[in-house]
Amino acid sequence: MIDRRQLLAAGAALGPATALRGTTRPSPRTFPKGFLWGAATAPHQVEGNNTASDLWYLEHQQPTIFSEPSGDAANSFLLWERDLDLARSIGLNTYRFGVEWARIEPEPGRFSQAMLDHYRALVDGCHARGLAPIVTCNHFTAPLWFSARGGWTHPDSAALFARYADRVTRAIGDGLRAAITLNEPNILLLLKPMLPPQVWDLQKLTIETAARRLGVPRFVSANVAGLDDLADLQHGLLAGHRAARAAIKAVQPRLPVGVSLAMLDDQAAGPRSIRDRMRGELYGEWLDEARQDDFIGVQNYERAVWGEQGRLPPPPDAVRNWSGGEVYAPSLAGAVRFAHAATGVPVLVSEHGVGTDDDRVRAELIPAALAGLHQAMADGVPVLGYCHWSLIDNFEWIFGYKPRFGLATVDPRTFARTPKPSAAVLGAIARANAV
């Protein structure tokens, strides 16, 4: 367990505070009783050897958009108890994790009871450690057979996803605090104006290569697709969310269900800013749909300042993340305020963090962002909890293992988890329920 002495040592290790833009230094502010303090992971990113999944297949294409394969990842499929022990030792009371569709239904209609039992053990392990389990039914990856049919663009995709969600809910639903149907189904919309054309071209080449090798007409993944796939993909994902929500509610009517969206803190620069148009393109249909949910999951990492021609570059003196984006502490509160105003439902911060090799940036960001979140709550925004991304450094999709978002490092040979000083910072806030 991390005690006060460990926190003081962590503060000393951080050295001089990083000057984050927008940072405030409020006096301690208490969060509501029962506030969820957690960290998040995704199955493909931490479990390892997810060989029946679509992304495992794409990682091994030539050419491929992936910089490296996922391999063993953090070996969390075998070492999940270490992850739960880590979350508890940090001082958290919540763990958000995903169940892997490709493990549960590796072939169409063939469900693995052993895999359902595995995730049931994980849910029970959370309760044994005082952690509230929040489960994501689909965190991008799907069975290879599903994406080889065209994935979410296939007319049967929603019904197939609902059948899977029903099986999962019957196995573990009675032990969950909340369920998220889909993780960031709008991610490719958000990336559309950001990624250069050559990245989109390579994504398209990757899935076309997979389709050719499998002898199928169309291969589409939730987070690897071509620009010409986006409209069909969004239509299918929206239908999938609706169908899964209904399937979950049919089994567990009282279980809160929502969807998590990738959301920037969109700000307007000038009277002819395109901000409102961009909000419509990035989130519009999903915000409309979320009005029917019990909560909306907000996943925020950056702000976007929109001028009349597009997104403006970060200020020259901004603290930067691993990819050169601005680290801006108030962005979390900005995204949360907008999400609630647009939907009218409570917010769960299902992801927030920063990819950086400098843990001092993360340790400074956490309390600054949470101070802004507290102020939003004081202003009337209902927020259920905060899940940091991520519990551990892991496989970050097409970028491989270069980006580091974790509260703890993972040794790639021994798989030892070692908390970073930022873990003590978040843990102290969680234990005190105050920032």
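## The largest pocket

Helix α9 (residues 187-191) gives the largest share of the lining of the largest pocket, four residues. Helices (H or I, at least four residues) and strands (E, at least two) are DSSP runs, numbered from the N terminus. The model is predicted: local features need pLDDT of at least 70, side-chain atom pairs count only at pLDDT 80 or more, and totals for chains, interfaces and linings use all residues. Residues are numbered from 1 along each chain as its sequence is written, and side-chain values use heavy atoms, with hydrogens and water left out.

The largest pocket holds about 1,100 Å³ of space. Its lining has 39 residues, and the closest to the pocket centre are Ile187, Leu190, Leu191, Glu302 and Phe399. On a 1 Å grid over the protein atoms alone, a pocket is an open set of points with protein on both sides within 12 Å along at least five of seven lines, a cavity is a set where a 1.4 Å probe fits but cannot get out, and lining residues have an atom within 4 Å of a point. Grid points are joined across faces, edges and corners, and a volume is the space filled by probe spheres set on the points.

By class, this lining has 22 nonpolar, twelve polar and five charged residues. Ala, Val, Leu, Ile, Met, Phe, Trp, Tyr, Cys and Pro count as nonpolar, Asp, Glu, Lys and Arg as charged, and the others, Gly among them, as polar.

## The cavities

There are two cavities of 30 Å³ or more in the structure. The largest cavity contains about 80 Å³ of space. Of its 13 lining residues, Thr41, Val46, Glu47, Tyr95 and Leu122 are the closest to the centre. At least two lining residues come from each of α2 (43-46), α4 (76-90) and β2 (94-98); α4 gives the most, with four.

The second largest cavity has a volume of about 40 Å³. Asn138, Phe140, Leu182, Asn183, Glu184, Pro185, Ala222 and Leu237 line this cavity.

## Helices α14 and α15

The axes of α14 (residues 359-378) and α15 (residues 421-432) come within 8 Å and cross at roughly 15°. Axes are lines fitted to C-alpha atoms, for helices over the stretch in contact, and angles run from 0 to 180 degrees between N-to-C directions. The two helices are therefore roughly parallel to each other (angles under 35 degrees). In the contact (heavy atoms within 4.5 Å), α14 uses Asp359, Arg362, Ala363, Ile366, Pro367 and Leu370, and α15 uses Pro421, Ser422, Val425, Leu426 and Ile429.

Technical notes. Angles under 35 degrees count as roughly parallel, over 145 as roughly antiparallel, 65 to 115 as roughly perpendicular and the rest as oblique.
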